[in-house]
Amino acid sequence: MISQIYSSLLSIGLISLFSLTLFFGFAMENSWAATPFSQLINPSVHTIASLERVNATTKDIEGKAQEALGNVTGDRKNQIAGKAKQAEASVRNAAEDIKDKVKLPDRVQSFNKNIEGKTQEAIGNVTGDLKDQLAGKGKQVESKTRNLIEDAKDTVKGIFQ
């Protein structure tokens, strides 16, 4: 029992150390002092993507800590919730990888937003987190709205062609 507590605390400590190193590494690399003046005036999209990556990393660390807590206490609900948060972080990181590689058409972005929303809602259903459930449903509504806008664009293009 004591060895489990020790290993869990060690894991949490290492994860915290890693996250701080990762955070301060991003902070040093992307700090305003290291940024040319022209980029300060016209900030790029990469800053927003980095913030999304930080959010995903934070969610992953939170999940690992919650899973470790569940392992120590034997609470199955915390173990599952921790794993779900880690899965959500993986999905967020995968989405950021895609965003970094390609500028996707609006229809594909809409599809991705719908999948992301369904995933987040499912995670919220598993963990019982109302915030994740509502955010997932909101993303699905945003996806439907984007599709309606794209349908309207297609209709207008069809009229003029």
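Helices (H or I, at least four residues) and strands (E, at least two) are DSSP runs, numbered from the N terminus. This is a predicted model, in which local features need pLDDT of at least 70 and side-chain atom pairs count only at pLDDT 80 or more, while totals for chains, interfaces and linings use all residues. Residues are numbered from 1 along each chain as its sequence is written, and side-chain values use heavy atoms, with hydrogens and water left out.

**View 1. The protein chain has 6 helices and 0 strands.** From the N terminus on, its elements run α-α-α-α-α-α. Of its 161 residues, 26% count as buried (buried is under 20% relative accessible area, exposed over 50%, partly exposed in between; 1.4 Å probe, protein chains only).

**View 2. Lysine 85 forms a salt bridge with glutamate 62.** The closest N and O atoms are 2.7 Å apart (a salt bridge is a side-chain nitrogen of Lys or Arg within 4 Å of a carboxyl oxygen of Asp or Glu). This pair links distant parts of the chain, with lysine 85 in helix H4 and glutamate 62 in helix H3 (residues 45-73), 23 residues apart. Lysine 85 is buried at a relative accessible area of 14%, whereas glutamate 62 is partly exposed at 36%.

View 3. Glutamate 88 is buried, with 4% relative accessibility; arginine 92 is partly exposed, with 22%.

**View 4. A salt bridge joins lysine 139 and glutamate 116.** The closest N and O atoms lie 2.8 Å apart. Here too the pair links distant parts of the chain: lysine 139 belongs to helix H6 (residues 130-160) and glutamate 116 to helix H5, 23 residues apart. Lysine 139 is buried, its relative accessible area being 16%.

**View 5. The largest cavity holds about 40 Å³ of space.** On a 1 Å grid over the protein atoms alone, a cavity is a set of points where a 1.4 Å probe fits but cannot get out, and lining residues have an atom within 4 Å of a point. The volume is the space filled by probe spheres set on the points, which are joined across faces, edges and corners. Residues lining the largest cavity include Glu88, Arg92, Glu116 and Lys139. Helix H5 (106-127) and helix H4 (76-101) each supply at least two lining residues, and H5 gives the largest share, 4 residues.

Methods
1 Å grid on protein atoms, 1.4 Å probe; cavity = no way out; pocket = protein on both sides within 12 Å on 5 of 7 lines; lining within 4 Å.
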